[in-house]
Amino acid sequence: MTMSMKGRGPRAASVQQGARDAAPRWLARLAASAALIGAAWGLAGCSKVPDTIRIGVAQPLSGNLGALGQDLLNGATMAVDELNRAGFMVDGKRVTLEIVAQDDRADAAAGKAAAQQLVNDGVVAVIGHLNSGVSIEAAPIYGEKGIPQLAISTNPRFTQLNLPTTFRLVANDTLQAKAMGSFAATQLSHASYAVLDDGTPYGKGLADGAAQQLAAEKKQVTVRQSFDDRTKDFAATAAKLQAANVGVIVTTLNDFQVLALLEALKGIGHTRVSVLGGDTIKTTDMARADGLVDGLYATSPVLEAREFITGRQFLDKYTTQFKKPPAYGGHYTYDAMYVLSAAIKQAGSADPKAIAKALHAINGYAPVTGTMTWDAAGEQRYGAVGVYSLRGGRWEMRMRSDRW
């Protein structure tokens with residue numbers, strides 16, 4: 001027994017020692033494998049979405065159009081505040097949305113500078129601009145970086161730039177020009193018409209289209225004149241209108257310009273006229289001209305919030321937050337921000353190109369206007385143009401169509 005144990009002793013000791021040596025190596029390998037698995041799970045659960053996603057808003061925040069631009073900024077701001085309070089999530093991660101605002105001053109050069117600054121600030125999308133001339137000039141700057149641009153601008157050229165980043169929030173000027181010419185010809189019939197514009201890409205293009213529609217409806221345009229968008233002296237123009245016995249003025253001048261024109265007409269006693277403008281005269285300031293002429297009308301692809309089922313709710317919230325009613329189209333930028341947020345969630349990313357791709361595919365829920373969806377060029381599929389008349393200091397809907 002003793003001999004047997006002695007004979008087996010060294011081998012048994014060696015086996016036992018090997019087992020003891022192998023155990024740490026096995027445990028080490030197991031620990032390493034567990035660490036690798038844990039790291040892989042950690043990476044899988046680590047979202048590439050940043051904590052804060054920046055949205056640019058570029059509008060005229062100063063100057064003659066400052067009230068309109070501020071309204072558009074307010075709409076986007078209100079939506080972002082609501083989304084953040086609700087706990088906005090992207091790819092399973094709570095994210096804070098942040099507005100980065102730039103004043104484009106309604107000027108193409110300033111707009112390009114504002115666009116470049118927003119690119120430098122790292123925005124993933126931009127809600128801008130109001131003016132078509134600014135939107136068109138800024139679009140390539142956003143397009144180069146794949147940043148989607150959601151604009152309330154209406155000149156058709158904006159979406160004819162062949163950029164995958166241009167998205168229009170409302171109907172374009174092709175439809176609005178038809179609305180202006182058709183309404184002026186059929187509802188404001190007269191022997192002599194004038195067509196006046198502000199010289200901007202928006203104003204001149206829209207006025208040219210309206211003049212073409214008037215010609216198609218056999219109406220005579222006896223005065224056709226362009227100005228710049230800052231002109232306020234219309235004494236000579238008023239005399240020209242009187243000499244031509246103009247009874248209907250179709251104009252794309254801004255509200256302050258039309259007010260100055262009407263004062264000039266009043267000064268020479270030529271007030272038996274009707275004025276049909278674009279959406280830049282459909283403002284609260286125009287109430288000062290109520291009763292100066294036979295009729296004041298405005299066409300607009302920017303339909304009023306109160307015309308929509310949930311518009312009253314929006315108006316109440318807006319007035320509570322900003323202590324004043326909307327001046328223009330804040331409900332469109334409010335809706336645009338909600339649709340944009342849905343596209344960001346759908347993309348699961350803060351990559352601008354992925355967001356632009358999602359916008360092209362989305363049928364977005366818009367809390368006020370109902371829905372926003374775009375064709376391949378970025379044109380709004382459900383845009384319409386309304387015609388309003390000013391009565392008792394208030395713009396009232398006369399008719400609305402997406403055909404004309």
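Tutor: Helices (H or I, at least four residues) and strands (E, at least two) are DSSP runs, numbered from the N terminus. This is a predicted model, in which local features need pLDDT of at least 70 and side-chain atom pairs count only at pLDDT 80 or more, while totals for chains, interfaces and linings use all residues. Residues are numbered from 1 along each chain as its sequence is written, and side-chain values use heavy atoms, with hydrogens and water left out.

Student: In which strand does G364 lie, and is G364 buried or exposed?

Tutor: G364 belongs to strand β13, residues 364-366. Buried means under 20% relative accessible area, exposed over 50%, and partly exposed in between (1.4 Å probe, protein chains only). The relative accessibility of G364 is 2%, so G364 counts as buried.

Student: Leaving aside neighbours within four places in sequence, which residues is G364 in contact with?

Tutor: Contact means heavy atoms within 4.5 Å. Once the neighbours within four places in sequence are left aside, G364 is in contact with V339, G370, T371 and M372.

Student: How many helices and strands are in the chain, and what percentage of its residues count as buried?

Tutor: The chain holds 11 helices and 16 strands. It has 404 residues, and the part of them that counts as buried is 52%.

Student: What is the order of the strands in the open sheet of 5 strands, and why is one side of β4 and of β7 left without a neighbour?

Tutor: Two strands pair if DSSP finds at least two bridges between them. The open sheet has parallel pairing and the order β4-β1-β5-β6-β7. Each of β4 (96-103) and β7 (166-168) has a single partner strand, so one side of each lacks a neighbour in the sheet, and both stand at the edges. From one strand to the next, the twist averages 25°.

Student: At about what angle to β4 do helices α2 and α3 run?

Tutor: Axes are lines fitted to C-alpha atoms, for helices over the stretch in contact, and angles run from 0 to 180 degrees between N-to-C directions. Helix α2 (residues 66-86) lies across β1 (52-59), β4 and β5, and its angle to β4 is about 170°. Helix α3 (residues 108-120) also lies across β1, β4 and β5, and its angle to β4 is about 155°.

Student: How many aromatic pairs are there, and why is the pair of F167 and W374 edge-to-face?

Tutor: Rings of Phe, Tyr and Trp (its six-membered ring) pair if their centres lie within 6.5 Å; planes under 30 degrees apart count as stacked, over 60 as edge-to-face and the rest as tilted. By this rule there are 7 aromatic pairs. The ring centres of F167 and W374 are 5.3 Å apart and their planes stand at 75°, so this pair is edge-to-face.

Student: Where do F167 and W374 lie, and are they buried or exposed?

Tutor: F167 is in strand β7 and W374 in the loop between β14 (370-372) and β15 (385-391), so the pair ties together parts 207 residues apart in sequence. Both F167 and W374 are buried.
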